[in-house]
Amino acid sequence: MSSTASLLVLALAGLLLVTFPGLCAGTAAAHHRPNGNQCHPSGSLEGPSTGHICGECCKPGHLYPKYQCSPPVTKNTRAVMTLNNFEEGGDGGDPSECDGKYHYNTERVVALSTGWYNHGKRCGKNIRISAKGRSVLAKVVDECDSLHGCDKPHAFQPPCEPNIVDASQAVWDALDITGDEVGDYPITWTDA
């Protein structure tokens with residue numbers, strides 16, 4: 001085979017592996033997913049035909065992945081903590097799913113991705129969140145919906161990723177995560 005033909009075969013093989021990564025053999029570590037789990041999208045949700053103006057709102061015509069699952073819960077479940085305003089008029093949208101109430105941002109409360117929320121089975125229970133050598137207990141009061149979004153009940157935000165712990169300001173403060181660190185922060189958590 002000529003060198004040109006060999007290069008063409010290598011290029012096509014590379015294109016196939018980029019297009020169909022499942023064809024490649026190897027260890028799980030070699031195929032690390034960004035959210036670090038075996039949870040795959042269960043479909044997608046299209047943004048509304050007209051836009052709602054906000055920094056985190058769904059974009060018209062954009063497709064957002066939906067998830068019915070979350071990674072398994074362990075003694076040190078890896079997750080991404082995000083900031084949520086659970087007060088009326090805050091970015092959380094409607095009242096909390098667990099109790100139908102709004103919560104003060106001075107309360108240590110969280111919303112969990114749909115799979116971890118588990119049809120409300122964690123409602124009212126505490127989880128232990130750890131980061132920066134500290135840990136804090138926080139009460140589950142809501143679902144960070146991984147299946148629905150881009151509408152008024154979801155504050156026009158896209159569905160949550162499957163590995164989100166959406167926390168009040170009090171949780172961030174207790175973990176001493178401040179300033180530019182607030183946003184998407186890597187944590188671990190477990191049931192308390």
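## Disulfides and cores, step by step

The link between Cys 39 and Cys 69 is right-handed, with 100° about the S-S bond. Keep in mind that we're looking at a predicted model. In this pair the two sulfur atoms sit 1.9 Å apart. Follow the chain and you'll see that the bridge connects distant parts of it, 30 residues apart: Cys 39 belongs to the loop between helix H1 (3-19) and strand S1 (43-46), while Cys 69 belongs to the loop between strand S2 (63-66) and S3. The two ends also fall into separate burial classes. Cys 39 has a relative accessibility of 4%, so it counts as buried, whereas Cys 69 comes out at 27% and is therefore partly exposed.

How many disulfides does the count come to? It comes to 4. Let's take another of them, the one that joins Cys 98 to Cys 123 with an S to S distance of 2.0 Å. Its torsion about the S-S bond is about -80°, which makes this disulfide left-handed. Cys 98 is in the loop between S3 and S4 and Cys 123 in the loop between H2 and S5, so parts 25 residues apart in sequence get tied together. Here both ends are partly exposed: Cys 98 at 26% relative accessibility, and Cys 123 at 25%.

Next up is Cys 144 with Cys 160, whose sulfurs are 1.7 Å apart. Because the torsion about the S-S bond is about -50°, this one is left-handed. Cys 144 lies in strand S6 and Cys 160 in the loop between S6 and S7, so the bridge ties parts 16 residues apart in sequence. Buried means under 20% relative accessible area, so Cys 144, at 5%, qualifies, and so does Cys 160, at 17%.

Now for the nonpolar interior. In soluble globular proteins, nonpolar side chains tend to be buried together. The largest nonpolar core in this model has 22 residues, and Met 81, Val 110, Leu 112, Ile 129, Val 165 and Val 171 are the ones with the most contacts inside it. Elements that give it two or more residues include strands S3 (77-83), S4 (109-113) and S5 (126-131), along with helices H2 (114-117) and H3 (169-174). Apart from this core lies another, of 7 residues, and that's where Cys 144 and Cys 160 turn up again, along with Ala 111 and Val 141.

Setting aside neighbours within four places in sequence, Ile 129 touches Met 81, Val 110, Val 165 and Val 171, among others. Its contacts also include Arg 134, Ser 135 and Thr 188, as well as Trp 189.

How values were computed
Residues numbered from 1 in each chain as written. Predicted model: local features only at pLDDT ≥ 70, side-chain atom pairs only at ≥ 80, totals over all residues. Heavy atoms only, no water. Core = buried A, V, L, I, M, F, W, Y, C linked by side-chain atoms within 4.5 Å. Buried < 20%, exposed > 50% of the residue type's maximum accessible area, 1.4 Å probe, protein only. Helix = DSSP H or I, 4+ residues; strand = E, 2+ residues; numbered from the N terminus. Contact = heavy atoms within 4.5 Å. Disulfide = S-S within 2.5 Å.
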